Amino acid sequence: MSDKLRSLLDKLPPAIIALLLQAAAFACLLLTARASGIQLSPLMFAVLCGTLATVLSRLAGLAKWWLIIQFLFIPALILMLSLGLPPNFFLIVFVILLVVYWSTFRTQVPLYFSSRRIWQALELLLPAPVTGKNFTFIDLGSGIGGVLTHLAGVRKDGLYHGVEAAPLPYWWSWLRIRLGGYANCQVQWGSLWDCNLGNYDVVFAYLSPVPMDELWQKALLEMRPGTVFISNTFAVADHPPQQTFTVDDLHHSTLYIWYM
Ligand SMILES: C[S@@+](CC[C@H](N)C(=O)[O-])C[C@H]1O[C@@H](n2cnc3c(N)ncnc32)[C@H](O)[C@@H]1O
């Protein structure tokens, strides 16, 4: 693969590359079938298309799980169409996925949740209580607000802030905070990259490996000395944490802790 093509691919999110390669495989196979006059059944066309898309994706360097998705994509499409489901079904599913996952295709940070054990471990990492003084905490990508509402309930001397990009998790957490009467807790719909981390004593993130380097640079630039940066599960390459804390949950999740 030429250097120019490689650097173009590096700039695109994997989901867009996958879609382009699917389209390329589809077009290639359609043109070849037309030119050669070979009649392919829809299923055979789908399997060949999936195979070609998988090969192209392998050559483009997509991760392993994309190869499975690429192989199954067109066969699954043909199968779904053969079920004769009403078009509204697809629209409804699309809208639900959109409001839950929103810009995941770009951020590469999907929605999943910290366990209750992680919430409890975080309690131990909050600043010691000081009479008459509140500490500040932010959850970057706060999902449906589980971390925030748990901590807001057990440590009332904290001011808890969440920022969430996806609409449905944001609305859910907003409602959860309202209905739960958490006066020391608020959530904002927006991007974590627009938050000033200098406003917080504890910064918590549970994202994915993709944004960690950039987030670390942001934390270095903005966080005050003496504050704490905590990442659930995802470390920062070449910057080992001062402390780690592994909890006994389903995935044996580890908290990575940096004292800034
Ligand atoms: C793995 S979930 C973590 C949810 C919650 N913090 C927890 O620990 O249970 C990551 C969340 O970050 C959100 N997210 C991803 N990129 C974001 C961004 N740039 N700005 C704000 N939220 C983002 C996703 O929508 C998702 O809800």
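Residues are numbered from 1 along each chain as its sequence is written. Because the model is predicted, local features need pLDDT of at least 70 and side-chain atom pairs count only at pLDDT 80 or more, while totals for chains, interfaces and linings use all residues; side-chain values use heavy atoms, with hydrogens and water left out.

**Stop 1: H2 and H3**

Select residues 14–36, helix H2, and residues 42–59, helix H3. Helices (H or I, at least four residues) are DSSP runs numbered from the N terminus. The two axes come within 8 Å and cross at roughly 130 degrees. An axis is a line fitted to C-alpha atoms over the stretch in contact, and angles run from 0 to 180 degrees between N-to-C directions. H2 is therefore oblique to H3. Oblique is what remains after under 35 degrees (roughly parallel), over 145 (roughly antiparallel) and 65 to 115 (roughly perpendicular).

Now show the side chains at the contact (heavy atoms within 4.5 Å). On H2, pick residues including Leu21, Phe26 and Leu29; on H3, pick residues including Phe45, Leu52 and Leu56. The residues of this contact divide into 13 nonpolar, 2 polar and no charged. Here Ala, Val, Leu, Ile, Met, Phe, Trp, Tyr, Cys and Pro count as nonpolar, Asp, Glu, Lys and Arg as charged, and the others, Gly among them, as polar.

**Stop 2: H2 and H4**

Among the contact residues are Pro14, Ala18 and Phe26 of H2, and Trp66 and Phe73 of H4. By class there are 8 nonpolar, 2 polar and no charged residues.

**Stop 3: H7 and H8**

Select residues 116–125 (H7) and 146–154 (H8), which pack at about 45 degrees with axes 10 Å apart. H7 is therefore oblique to H8. Arg116, Trp119, Gln120, Leu122 and Glu123 of H7 meet Gly146, Val147, His150, Leu151 and Val154 of H8. This contact has 5 nonpolar, 3 polar and 2 charged residues.

**Stop 4: the ligand**

Look next for polar contacts (pairs of N or O atoms within 3.5 Å). A polar side-chain atom of Ser114 is 2.5 Å from a ligand oxygen. A side-chain N or O atom of Glu164 is 2.6 Å from a ligand oxygen. At Gly141, a polar backbone atom lies 2.7 Å from a ligand nitrogen.

Terms used:
Helix = DSSP H or I, 4+ residues; strand = E, 2+ residues; numbered from the N terminus. Polar contact = N/O pair within 3.5 Å; in protein donor to acceptor, adjacent residues only side chain to side chain.
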